[in-house]
Amino acid sequence: MSNSSIDSLQNETRVFPPSPEFAANSVADAGLYARAAENRLEFWAEQARDLHWHKPFTETLDWSNPPFATWFADGQINVAYNCLDRHVLAGNGDRVAFHWEGEPGDTRTVTYAELTAEVKKVANVLLSLGIEQGDRVAIYLPVIPEAVIAMLAVARIGAVHSVVFGGFSAESIRSRVDDASAKLVITADGGWRKGKVFPLKAAVDDALSAPGSSVEHVLVVKRGENAVDWTDGRDLWWHDQVEAAEPEHEAEAFDAENPLFILYTSGTTGKPKGILHTSGGYLTQAAFTHKNVFDLHPETDVYWCTADVGWITGHSYVVYGPLANGATQVLYEGTPDTPHPGRWWEIIEKYKVSIFYTAPTAIRSFMKLGRQIPQKFDLSSLRLLGSVGEPINPEAWIWYRDVIGAGTTPIVDTWWQTETGAIMISALPGITGAKPGSAQVPMPGIKIDILSEDGTRVDPPHGGLLVVSEPWPSMLRGIWGDPDRYQETYWSKFSAIEGNKYFAGDGAHVDADGDIWLLGRVDDVMNVSGHRLSTAEIESALVANPIVAEAAVVGAADEATGQAVVAFVILKSNQADAQTADEASALLRAHVAKTIGAIARPREIFIVAELPKTRSGKIMRRLLQDVAEGREIGDTTTLADTSVMQIISDRLK
């Protein structure tokens, strides 16, 4: 990064230490860092031993064939047993696993004993359908208890799940089912979203319509009361099969490197990229990070991660990490604004949520609506807030702390990826003084470096490319069926450097205190007249202006400068009529130039009413880039509202 690009981040010097009371009761202790530094592998072995091993491991890491790692490979474990049976056997069967809230307001409370009983029956259903160890099962469900039950049942029998986000198209389902050669699809007749029931089975039927599909059965959960087409012999009702299933199932031991799941990364072109995770190492790091980053006290906390189970955050921090730790959770089917914009805060008040983990995009959308909405609800149960998915700008961080966290609640800003499997960089809330906008420090046992393009280490206070320098337990084990692509995508950039470094694809800088600031994907870093500028940096500058609610920045091809900065901005509701779009645009261009430097001044700023977002809340910047460069708009099927791009396009014309 050029120095001008990171100046404003370096100017962030506010630090919020944990209160003495929080620190005194913290799950994590400062000694974690020292123990991990003294003997990294023994540290991870120590964390793994907190799990139940059917056969204890004797070897922690085999890194003899990099970049292919094995962790705890001679040990045997059952992931579902660790999430279920062991809690019941320890006398915690009556503890609530999930308070589930459907979007229309229907609810279910599921204890660990009830969840274990359901998973055992579904495991027997899968076995009766011919699913065996290593077989792949695609899951395409809304956020309902059956989604979690299905994942755990697949894991229990040693099969491999591939969860497809419930908002994806038939084509997305088809490509994932085909790539994984799935034998079974688990879906529902429908799922609630924004007050409507969206058809799910119809998309599955479309996906499986081509000849030669590997799928033998489709198991259908009755959720939305939708009429569905039925293929006799292939299609089966979930409730019929579960009702008829045997209630007992003994969890079998599987090798620690037995594949657990394949998760396809979105937004890729060509053949889908199936990220493969295995069992022992993944569960070790998911459980350790969940317990320590979120300061989990399972006897008293109510934890809520708002992610859909179709994303890695839902895998690691809704299903596997929390359940391995015996947490009580909230699970919510719908959107944050249905049937009213205070829905999330209403749920926090209802269930007395104490730990809340969500995305910066959601936080900024709440900022846009105004603090008066959350202030209608009692949020006093909250004692820890988390952020995930993209860099959070300091203004949103402070709003989150002040408005949602009553000005006292610690915030953990977590950096990790589908590929890393679990959190890699985060404050530990009882130990670290939190700095707004910074992910801060690597987790104990994780080795992070920031390198220049030529592979030399970047010292504070400078920026470069983020790499993971040592293998970690929850690392991806490859791209399904494509080891060459795995090596090329993640390990080739710095292959000439001794030690095999994983390149995360993200830019970062380290400040004078040694804290790490994520600057977004390298492909979200623009090269303007030879200066590397971060889109996240410019977005943060825009949102810092009091008239701006939300902003997205892209780099557009420019004959003079190579790339030019183009911004799409939503004004706060009380500002929308106060000035013309041209006036607001001119004001904000000058503001960015003053905040970051003239080199970052946007060529154009478009004032818009909405930004194109996926159903998980991520801004689809590639679609904005299509507009900025005058191209035909690309695939919009994963957007929560497909009309947004048409509205933007029409308005700009």
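Helix α4 (residues 40-48) has its buried residues covered by parts of the chain that include α3 (31-38), β1 (61-65), β2 (68-71) and α12 (280-293). Keep in mind as you look around that this is a predicted model. The rest of the tour goes topic by topic.

**Around helix α4**
- The buried residues of α4 are R40, F43, W44, A45, Q47 and A48.
- UniProt, in an unreviewed entry, places the feature "domain: Acetyl-coenzyme A synthetase N-terminal" at residues 32-83.

**Strands β6 and β7**
- Strand β6 (residues 136-140) pairs with β7 in the parallel sense, over 4 bridges.
- To find your place in this pairing, look for R136, which stands opposite V160 in β7.
- Going from β6 to β7, the chain passes through helix α8 (residues 145-156), and this β-α-β crossover is right-handed.
- Which residues of β7 (residues 160-163) point one way, and which the other? V160 and S162 point one way, H161 and V163 the other, and all are buried.

- I144 sits in the loop between β6 and α8.
- Its relative accessible area is 2%, so I144 counts as buried.
- Leaving out residues up to four places away in sequence, I144 touches W100, V221, R223, L331 and E333.
- L379 is 235 residues from I144 along the chain, and their C-alpha atoms are separated by 24 Å.

- Under "binding site", the unreviewed UniProt entry lists V543 and V548.
- V543 lies in helix α18 (residues 535-544), while V548 lies in strand β28 (residues 548-558).
- Is V543 buried or exposed? V543 is buried, because its relative accessibility is 6%.
- V548 is buried too, because its relative accessibility is 1%.
- Beyond its neighbours within four places in sequence, V543 is in contact with R364, N393, E395, V548, A549, E550 and A551.
- With residues up to four places away set aside, V548 touches L542, V543, V569, I570, K572 and L588.

**Cavities**
- How many cavities of 30 Å³ or more turn up in a search of the whole structure? The search finds 2.
- The largest cavity has a volume of about 70 Å³.
- Its lining residues include F16, P17, P18, R401, T408 and T409. Also among them are P410, I411, A427, P429, T432 and A434.

- Most residues other than glycine have a negative phi, and most peptide bonds are trans.
- T338 and P339 are joined by a cis peptide bond, with omega about 5 degrees; P339 is in the loop between β17 (328-332) and α14 (343-351).
- Another cis peptide bond joins P460 and P461, where omega is about -5 degrees; P461 is in the loop between β21 (448-451) and β22 (462-468).
- F72 is not a glycine, yet has a positive phi of about 55 degrees; F72 lies in the loop between β2 and β3 (76-77) and is buried, with a relative accessible area of 0%.
- A406 also has a positive phi, near 55 degrees; A406 lies in the loop between α16 (394-404) and β20 (411-413) and is exposed, with a relative accessible area of 62%.

Definitions and conventions. Residues numbered from 1 in each chain as written. Predicted model: local features only at pLDDT ≥ 70, side-chain atom pairs only at ≥ 80, totals over all residues. Heavy atoms only, no water. Buried < 20%, exposed > 50% of the residue type's maximum accessible area, 1.4 Å probe, protein only. Helix = DSSP H or I, 4+ residues; strand = E, 2+ residues; numbered from the N terminus. Pairing = 2+ DSSP bridges. Right-handed = clockwise from strand over helix to strand, strands pointing away. UniProt positions renumbered as here; feature names shortened; annotations may be inferred. Contact = heavy atoms within 4.5 Å. 1 Å grid on protein atoms, 1.4 Å probe; cavity = no way out; pocket = protein on both sides within 12 Å on 5 of 7 lines; lining within 4 Å. Points joined across faces, edges and corners; volume = space filled by probe spheres on them.
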